[in-house]
Every structure is written in structure tokens, then in C-alpha cells.
Amino acid sequence: MTVAVMVTVVTVLALGTYLLRLAGVALAERISLPEPVRKVLPLAAVALLAALAVTTALTEAGEVAGIARPAGVLVGVVLAWRRMPFAVVVIAAAATAAGLRLLGVP
Amino acid sequence: MGALYRTIDRGLLRDIGALIIAAAFIGVSFGAIAVASGVPGWLALVMSMVVFAGGSQFMAVGLLAAGSPVGALLGGLLLNARHLPFGLAVSDVVGHRWPTRLLGSHLLIDESVAFALSQTDPVQRRAAYWLTGVGLFVTWNLGTAIGVVVGGAVADPAALGLDAAFPAGLLALLLPSLQDPAARGVAAVAAVVALLTTPLLPAGVPVLLGLLGLATLALRRRNQEEKR
């Protein structure tokens, strides 16, 4: 693969991604959304983030992500639910997954 | 910015700090993997700056290495399509004047949206969005640079368990929103739909299908009307 092809891919991907970002932000004011739709918008973000978090927690390239990662995420979620600080949640999740892998758990 | 800084809750600042440090390590692995895949180091750096969306960057580098530039482009864009509905949802925190909007749009990432959502006070919401966006931009690019320079010498992100840190962080940020039963229904259906369609559809699409979780709101309303 030539560098020119890679540069083209990066350029178009960057422009496209930026336009997707800007489009949502700009459209929100441009189009006058009816009040019920406006109220639901934060829940759209909740839906997308929940879908993203659960799929990245449990799958890798369309397949089951093993045991260590979901176990780490589970530990993190339980700690978050027990109102532990965010840093503790993130570190405990990573440490659990890393520790399990060290023990040979996939 | 000074006024903004003073109004920020200490705990929020610490939480954002934890997340952007984790992002730095993932940035290191991106830089190292990009170079190992045959992407020039300078291009990996530019990519982290101008694309600034980790998932799509890893995917694009992988597909470029596999000799599929068209796949890298389309796959990356599909994966980033969620940013459009994200923008609709958090446009109020990004800003209303064009200069802030143009800059703020580039900082629209999963983490900045999640942090904004986790706050209820409008000032904290705005602060959370911008601080997460700017902070993560800095650490992500710094990490990429380190990865490009140090290359394969750095540890594998899986060995550090960082792949578990990201979803755990997102879920922790979602928890406050989930106290609302309507949001719980939306999130549960979104997660199930995305999970079930992941083996069947290209990456990015299952997450977008998560929006079907919003259908639970219509069902909920109908049930309430029937009860009346």
C-alpha cells in the first residue's frame, strides 16, 4: 500500500468524521424539533452509550470477548454501583482483567 | 475559562483525570500498532489529531494493513456514524456560537458525551464535556506519539486490562442516568439489540441499532394511557 493511499484514507475519514460530529450539533438548532423529540434526545445518547459499552465489554471482532474482560467490567460496574470513586472503578476493572490474564484466563 | 475552572466540582475533575490517563495508555498502543502495521509514524500522529476517534483509528489501521483501504474508510465512517445522534443529544453543551461549535464538535467523543450526561447541573455539564474533550485530546495524542516512538517495546493494552477499563468507565458514567426507569428500559433494550446483532452486522451498525431502545418509550406511554 502506498503512503498516498493511506493519506487519502486518513483525510477522508477525518473529514467525514468531523462532518458527522458537526452535523448533529448544528442540526439540533437548525431544525425545530417537536418538544417530545427534544425531551427524548438525551435518552438517545443513553441508548447509544449503553449499546457501545455492552458490546465492547462482551465482544471482540463480532465474537465473544473471553472471560477476563467481561469479568473486569463486572467488577467495575459493581464498584460504581456501590458508589466508589470513578478512578477506583476504572483501575479495578483493568486490574481484574490484567490479573486474570496473568493467571492464564483468556 | 478561569471562571469555568473555578466552578468545577473537585470530584468531577479527578474522575476526568482518571479517564484521560487511561486514554493515554490506549493512545500508546495505537501508535505502536499503527507503526507495526506499516503506517508511517507521522501519519499515525496526524490521524490521532484529525480523526480523534479511537475505535475507528484501530479499525482503519487494521484494514489498511490487510490491504483494504476502501474497507478502512467505510468501516471507520460507519463506526463513527453514532457521533451524529450524539451531537443532536448534547448540542446545548457544545455551544451556540459558531467558533465554539466548530471547535467543540471535534471534541465530541464517547467519553465527553458520557461525562456530560452524568452531570445534571448545566454549568457542570458544559465543563465536563469540554474538559473531557480537551484533556483526552491532549493525552490521546501524547500517548500516540509515545507509542510511535517507543513502538513494540510497550506493553500490550490487553495485558494491562485497558480493554476492560473503557466499557467499565462508560457504564459507571451511565449509572446516574439509569436511576430514571424510562432510561433503564431504553438502555436495556439498546444493549440487548446491539449484542444480538453484533455477530451478524458490520461494526458500528449494532450500536446504531441500539437507538431502537427508544421504542420502549412509546410502549411505556401506551401502557400508562391504558391504565388511565
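I began with the kink in α2(A): a bend of about 35° lies at Leu41(A), shortly before the proline Pro42(A). The model is a predicted one, and I read the entries below with that in mind.

I then checked the span of this helix. α2 of chain A runs over residues 35-58, which gives 24 residues. From its first C-alpha to its last it reaches 36 Å, close to the 34 Å expected at 1.5 Å a residue.

Next I looked up the contact between the chains. Chain A puts in 62 residues and chain B 77 residues. On the side of chain A that touches chain B, the elements giving two or more residues are α1 (3-30), α2, α3 (68-81) and α4 (86-102). Which of them gives the largest share? I found that α1(A) does, with 22 residues. By class, I noted 48 nonpolar, 10 polar and 4 charged residues on this side of chain A.

I took the pair α1(A) and α6(B) first. Helix α6 of chain B covers residues 83-94, and its axis comes within 7 Å of the axis of α1(A), with a crossing at roughly 55°. Because of that angle, I recorded α1(A) as oblique to α6(B). The crossing is right-handed. From α1(A), the contact uses Thr17(A), Leu20(A), Arg21(A), Ala23(A), Gly24(A), Val25(A), Leu27(A), Ala28(A) and Glu29(A). From α6(B), I listed His83(B), Leu84(B), Pro85(B), Phe86(B), Gly87(B), Leu88(B), Ser91(B) and Val94(B). The classes here are 10 nonpolar, 5 polar and 2 charged residues.

I went back to α2(A) for the second pair. Its partner is α10(B), residues 162-174, and the two axes come within 9 Å and cross at roughly 150°. Is α2(A) roughly parallel or roughly antiparallel to α10(B)? I put the pair down as roughly antiparallel, because angles over 145 degrees count as such. This crossing is left-handed.

For the residues, I found Val46(A), Leu49(A), Ala50(A), Leu52(A), Ala53(A), Thr56(A) and Ala57(A) in α2(A). They meet Phe166(B), Pro167(B), Leu170(B), Leu171(B) and Leu174(B) in α10(B). I asked why residues three or four places apart point the same way in an α-helix. The reason is that an α-helix has 3.6 residues a turn. By class, I counted 11 nonpolar and 1 polar residue in the contact of α2(A) with α10(B), and no charged ones.

Conventions: Residues are numbered from 1 along each chain as its sequence is written. Chains are lettered from A and ligands numbered from 1 in the order in which they are written. This is a predicted model: local features need pLDDT of at least 70, side-chain atom pairs count only at pLDDT 80 or more; totals for chains, interfaces and linings use all residues. Helices (H or I, at least four residues) and strands (E, at least two) are DSSP runs, numbered from the N terminus. The expected span of a helix is 1.5 Å times one less than its number of residues. The bend at a residue is the angle between axes fitted to the seven residues ending there and the seven starting there. Two residues are in contact if their C-beta atoms, placed from the backbone, lie within 7 Å. Ala, Val, Leu, Ile, Met, Phe, Trp, Tyr, Cys and Pro count as nonpolar, Asp, Glu, Lys and Arg as charged, and the others, Gly among them, as polar. Axes are lines fitted to C-alpha atoms, for helices over the stretch in contact, and angles run from 0 to 180 degrees between N-to-C directions. Angles under 35 degrees count as roughly parallel, over 145 as roughly antiparallel, 65 to 115 as roughly perpendicular and the rest as oblique. A crossing is left-handed if the near helix is turned anticlockwise from the far one by less than a right angle, and right-handed if clockwise.
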